[in-house]
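User: I want to check how the labels on this model were assigned. Please set each value against its cut-off.

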Amino acid sequence: MSQEIRAFVVRKQDGEVSHQVELVSEQDLGQGDVLIRVHWSSLNYKDALAAKGHPGIVRRFPHVPGIDAAGTVVESQYERLRPGQQVLITGYELGGGHWGGWAQRVRVPHQWVVPLPQGLSLRESMILGTAGFTAALALQKLLDWGVQPEQGPVLVTGASGGVGSLAVALLAQQGFAVSAVTGKPQAQEFLHQLGAQEVLPRQVLQAPGDKPLLSGRWAAAVDTLGGEPLGVIVRSLKPQGAVAACGLVAGVEVPLGVYPFILRGVGLLGVDSAGCPYTVRLQLWSRLAGSWKPRGLEQIAQRELTLDQLSQAVEEILSGGVQGRVLVRLQDESGPEADK
Ligand SMILES: NC(=O)c1ccc[n+]([C@@H]2O[C@H](COP(=O)([O-])OP(=O)(O)OC[C@H]3O[C@@H](n4cnc5c(N)ncnc54)[C@H](OP(=O)(O)O)[C@@H]3O)[C@@H](O)[C@H]2O)c1
């Protein structure tokens with residue numbers, strides 16, 4: 001029998017987008033052969049865009065955001081996933097074309113479901129979430145490119161945010177000297193504690209004119225900003241350096257010529273965590289649960305919110321005001337469906 005569950009629902013009526021926590025029927029969760037009771041989700045920049053009904057993310061209304069979910073299997077038509085098993089999901093269509101993790105349950109295709117790797121709790125898997133997985137994918141891309149700690153400092157932008165803080169932690173733990181760029185002067189101590197060697201203000205990414213090449217300063221970078229700062233980063237890479245491009249909070253157009261590529265051999269490496277192939281996904285989650293597991297994970301989890309508290313956090317993350325990761329706690333959500 002179909003149950004009612006609590007969910008953060010985004011609606012559009014007469015051109016106006018609104019959101020509120022509602023009771024919805026489990027039947028409305030969408031297609032899939034695995035039903036999961038969500039214990040934890042998280043807040044990502046993309047979730048905030050979805051909560052605002054961003055047309056690049058939300059295809060149909062009503063919508064439930066949440067690109068991350070971790071919990072236990074309730075029902076499964078797929079024999080390798082059994083009821084009670086602990087699992088996590090990040091990306092694919094979750095929270096985009098498909099109702100996401102800001103609900104007590106999700107129903108998804110088994111191809112999206114990652115068994116929780118040994119070494120991580122459900123909560124820890126969501127402190128990492130898409131942000132940690134993206135940082136791990138960026139690190140893997142830089143390692144595959146051949147970047148090594150002795151080649152010089154690695155820049156991380158948007159460093160106090162979700163992807164940024166986890167990139168700082170992962171890189172520092174691998175022995176890289178991390179230069180963290182932040183717009184939050186108050187995040188200095190946080191970033192040093194995560195392992196950043198230096199903390200720089202955002203102004204370092206303002207281009208001094210339109211020179212095609214700037215002095216080679218960084219061996220590599222993990223960039224969450226895009227836009228003009230990404231152009232400055234590519235022009236400031238040392239020869240044979242590379243930048244893993246993850247985000248767009250500063251813009252989508254990158255003013256950039258071809259010189260850094262043909263005179264310094266630098267690499268512009270794209271990072272797409274949502275579409276990452278399943279086998280790579282399993283490898284990276286296993287690393288994140290093992291030797292790559294950030295030592296300061298608890299420090300990065302700055303807040304735990306319920307569905308009812310998310311509205312304000314959506315505004316905060318869109319204005320660049322969130323530090324570290326925000327967890328969404330669903331396991332204590334009360335409602336007619338009392339989770340046992
Ligand atoms: N490619 C992928 O697979 C993937 C996966 C996850 C996220 N992303 C993208 O990565 C970006 C970061 O996501 P997130 O979830 O980590 O968001 P987040 O937690 O909000 O972090 C973004 C950080 O960027 C900085 N920032 C915000 N607005 C800025 C602006 N206008 N100019 C310069 N810096 C600004 C802020 O850090 P400081 O104050 O420290 O500067 C902010 O905390 C987003 O664009 C997101 O869509 C991509």
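User: Which helices each supply at least two residues of the shell around the ligand?

Analyst: Helix 1 (45-51), helix 2 and helix 3 do. Helices are DSSP runs of H or I with at least four residues, strands are E runs of at least two, and both are numbered from the N terminus. This is a predicted model: local features need pLDDT of at least 70, side-chain atom pairs count only at pLDDT 80 or more, and totals for chains, interfaces and linings use all residues. Residues are numbered from 1 along each chain as its sequence is written.

User: What makes a residue near the ligand, and how many residues surround the ligand?

Analyst: A residue is near a molecule or strand if its C-beta atom, placed from the backbone, lies within 6 Å of it. Here 32 residues surround the ligand. The closest are Gly158, Gly161, Thr182, Gly247 and Gly320.

User: How do the residues of the shell divide into nonpolar, polar and charged?

Analyst: The shell has 14 nonpolar, 14 polar and four charged residues. Ala, Val, Leu, Ile, Met, Phe, Trp, Tyr, Cys and Pro count as nonpolar; Asp, Glu, Lys and Arg as charged; the others, Gly among them, as polar.

User: Why is alanine 50 called buried?

Analyst: The cut-offs count other C-beta atoms, placed from the backbone, within 10 Å of a residue's own: 20 or more is buried, 12 or fewer is exposed, and in between is partly exposed. Alanine 50 has 26 such atoms, so it is buried. Alanine 50 lies in helix 1.

User: Which residues is alanine 50 in contact with, leaving aside neighbours within four places in sequence?

Analyst: Val10, Ile57, Val58, His63, Pro65 and Gly95. Contact requires C-beta atoms, placed from the backbone, within 7 Å. The C-alpha atoms of alanine 50 and histidine 63 are separated by 8.2 Å, and these residues are 13 apart along the chain.

User: Aspartate 14 and tyrosine 92: buried or exposed?

Analyst: Aspartate 14 has 4 C-beta neighbours inside 10 Å, so it counts as exposed. Tyrosine 92 has 21, so it counts as buried. Aspartate 14 sits in the loop between strand 1 (4-13) and strand 2 (16-25). Tyrosine 92 is in the loop between strand 5 and strand 6 (105-108). Phi of aspartate 14 is near 50 degrees, a positive value in a residue other than glycine. Tyrosine 92 also has phi near 50 degrees.

User: What makes helix 5 mostly covered?

Analyst: Seven of the nine residues of helix 5 (residues 227-235) are buried. They are Pro229, Leu230, Gly231, Val232, Ile233, Val234 and Arg235. These buried residues pack against strand 8, strand 11, strand 12, helix 6 (259-263) and strand 13.

User: Why are strand 10 and strand 13 said to stand at the edges?

Analyst: The open sheet of six strands has the order 10-9-8-11-12-13, with parallel pairing. Strand 10 (198-201) and strand 13 (267-270) each have a single partner strand, so one side of each is left without a neighbour in the sheet. The twist averages 20 degrees from one strand to the next.

User: How do you know that strand 12 and strand 13 pair?

Analyst: Two strands pair if DSSP finds at least two bridges between them. Four bridges join strand 12 (residues 237-245) to strand 13, and the two run parallel. In one of these bridges, alanine 242 has glycine 267 of strand 13 as its partner.

User: How does helix 2 lie on the strands?

Analyst: Helix 2 (residues 122-145) lies across strand 11 (218-223), strand 12 and strand 13, at about 150 degrees to strand 12. Axes are lines fitted to C-alpha atoms, for helices over the stretch in contact, and angles run from 0 to 180 degrees between N-to-C directions. Helix 3 (residues 162-173) touches strand 8 (154-156), strand 9 (178-182) and strand 11, and makes about 160 degrees with strand 8.

User: Why does the radius of gyration agree with a compact globule?

Analyst: With 340 residues, a compact globule would be near 20 Å, and the chain has 20 Å, so the two agree. The radius is taken over C-alpha atoms, and the globule rule is 2.2 Å times the number of residues to the power 0.38.

How values were computed:
Two residues are in contact if their C-beta atoms, placed from the backbone, lie within 7 Å.
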